[in-house]
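This briefing is for a reader who is meeting the structure for the first time. Please look over the sequence and the model below before going on to the notes that follow.

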Amino acid sequence: MKKSTYIYTGIIIIFFAVFCIINFCGFESFCDSDMYQDVYVSKLIWNSKSIFPPNWTFSNQYFVLAAPNIAAVVYGITGSMNLSMELATTIYTLLILAAFAYMIKAVTSNKIVILVSIICFMAAVTGYDIVNTHQGQLYFLMVSYYASYIFTVFLVYGVYLRYLFANREEKFTVKAPESNDSVLKDAISDKCNNSVVNHPGILAYIIAIIFTIATGMQSLRQTAIMILPLAFVEGIRFFYKVIGKSYTKKDWAVTWKMASLAITNIIAYLLVAVVIKPSHCVLYGGTGIRSISTWGQGFVKSAGNLAKITGIQSLWGAKNYKQNIVLGLIAVMVICVVIYAVVSAIVTVIKTAIGKASDNVNDSSVTVSDPKKATERQIQPIHVLIILFFLGILSIGAMGTLMDIKIRDIYFFMWYPLVATSLTYLLIGKPTIEANADIQNQSDEAINKNNASNAANRYVELAIVILMSIAFIISYGSSAINALNTTKTQDQLTCQFLEENHIHYLYGHWNTVPEIAVFSDGSITPGGWYTTIYDPIDYLNPKGIYEDNHNGEAVYLILPEEKSEALKIARDRGITLNQIYSTPAYTIYTADGQLMEQ
């Protein structure tokens, strides 16, 4: 095994260890009100033994096989809300990385390239002090908001690529030279193994169907990022081959299997949205079509959100300028690579489709009888994968342009696998080995050219690893250090005080009380209002904790800007508030009557 294999494996382990440090050591400190609701609902799911708890109102998505569902099962074992979510996030992190590796193995069998690709994906989500950014919570940290979606994408795409390219290995049928030149042998070996694809197992397809159904039930998000791109790519392939009269039974098998995924995904969504109809509240617009006059406005907003997710805005970050400028420059380089990879993939497909490429996608190999074919582009799994991820981004952009839905920057989360795949493309996108009929007797010029090409590839590989490692250190380093800080925060001290006084319910602003209650690991339940004091919001917020019998074990947290109005409302209702705890950020009261409205 090459030294680089050990080094890159070590980097992956270090990255994973950083995730664990942030999740297990800093969960309570970093948990905000949004995250807390995912933690709390996992408890409700277990207690009610239902994925749709009757005393809960969801917002933009349901949970079927998401992190809260795994946390619910773990909660049934551990009895700890926080530990359950920490373990659930870690489990999903491992599942995502395994699914990503499974997908990339359909692109290349080169172990070094696979490891580099995993490093790129783990470090693709960037932003200084990452845990306090929206994008930092999507895959590997805290509650892994979109873990189930991206896991499903990787698994399905891995299956799809195997169906497309199994038994169609585009490899060089050359014999390694009888030479002591290890570099040349490695070059030929690497290139020969880049595109060997095995047929997917039935288990992988079954798991893909299960998660496609589950994520379909959760929201339309999976339809947008995965089903529509799949339908587009497979639809184009279908019509191209039918028109060319080259459509075979094997092609039909691929089409109906992908169609089955699409159909089950849509049926699953309709089952929940139309039949079951769990309680939910739509926060960011609807699925209606915008008026044509507002399409331009929708496009500009979508483009702006895509720019945010790329990290390029770090260039003009007001805080932590040195760190942000480095991340911004890395983002610029990454964007250039993505543009190059996407354009190259599209051009390759178009050239092949119109017959200008050297071979059709159905060709099984490049033989030694035609040496030029060894360096010419053909449609490979990496091209299809890049296009699928790119279409996933376009799909979200189109929704933001044409529909009433309000697109947020994190909805473009397919950018991160596109980044990793595009960087991988630099290593395997273009064959460079000059094959000829008598490779054993290559000329010195050919050997030197191959050596130079392979050495250049190694430099590119090293540059990518260094670049992404720098991005990872800047993005995750401060969060990991803060997670290891054992100094008690004010919120932790407040929670300790409440527990010592046997308080079980904490009423206050929705953005504030969960961040205190989380330190109790479930012994204190927060009930929050948002705009109207004492009026609990009716979604993503505990219910059934505002009765008169709860008031004896409850306190009210009042922010300085709320104090005047809160006291007035209490007086008007004939209820007395008694101050028991105070900090510069808030004051806590008991009340001799229930103030929370039902």
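Helix H19 (residues 563-572) lies across S3, S4 and S5, running at about 150° to S4, where helices (H or I, at least four residues) and strands (E, at least two) are DSSP runs, numbered from the N terminus. This is a predicted model, in which local features need pLDDT of at least 70 and side-chain atom pairs count only at pLDDT 80 or more, while totals for chains, interfaces and linings use all residues. Residues are numbered from 1 along each chain as its sequence is written, and side-chain values use heavy atoms, with hydrogens and water left out.

**The sheet and its helices**

- Five strands form an open sheet in the order S2-S1-S3-S5-S4, with mixed pairing, and two strands count as paired if DSSP finds at least two bridges between them.
- S2 and strand S4 (577-582) stand at the edges with a single partner strand each, so one side of each is left without a neighbour in the sheet.
- From one strand to the next, the twist averages 30°.
- Helix H17 (residues 490-500) also lies across part of this sheet, namely S1, S3, S4 and strand S5 (587-591), and runs at about 130° to S4; such angles run from 0 to 180 degrees between N-to-C directions, and axes are lines fitted to C-alpha atoms, for helices over the stretch in contact.

**Strand S1 and its partners**

- Five of the five residues of strand S1 (residues 505-509) are buried, so S1 is largely enclosed by the rest of the structure; buried means under 20% relative accessible area, exposed over 50%, and partly exposed in between (1.4 Å probe, protein chains only).
- S1 pairs with strand S2 (residues 525-529) in the parallel sense over five bridges, and within S2 the bridge partner of leucine 506 is proline 526.
- With strand S3 (residues 554-558), S1 pairs in the parallel sense over three bridges; there, tyrosine 505 stands opposite alanine 554 and leucine 506 stands opposite valine 555.

**Helix packing**

- Helix H7 (residues 147-165) packs with helix H9 (residues 202-218) at an angle of about 140°, their axes being 9 Å apart.
- That angle makes H7 oblique to H9, since angles under 35 degrees count as roughly parallel, over 145 as roughly antiparallel, 65 to 115 as roughly perpendicular and the rest as oblique.
- The contact (heavy atoms within 4.5 Å) is made by residues including Phe151, Leu155 and Val159 of H7 and Ile207, Ala208 and Phe211 of H9.
- Helix H10 (residues 221-243) and helix H14 (residues 381-402) have axes that come within 8 Å and cross at roughly 120°, and these two helices are therefore oblique to each other.
- Among the residues making the contact are Ile225, Leu228 and Phe232 of H10, together with Ile387, Leu391 and Met399 of H14.

**Cysteines**

- The structure holds zero disulfides, a disulfide being a pair of cysteine sulfur atoms within 2.5 Å.
- For cysteine 25, the closest cysteine sulfur is that of cysteine 20, at 9.2 Å, which is too far for a bond.
- Cysteine 25 is partly exposed, with a relative accessible area of 41%, whereas cysteine 120 counts as buried at 2% relative accessibility.
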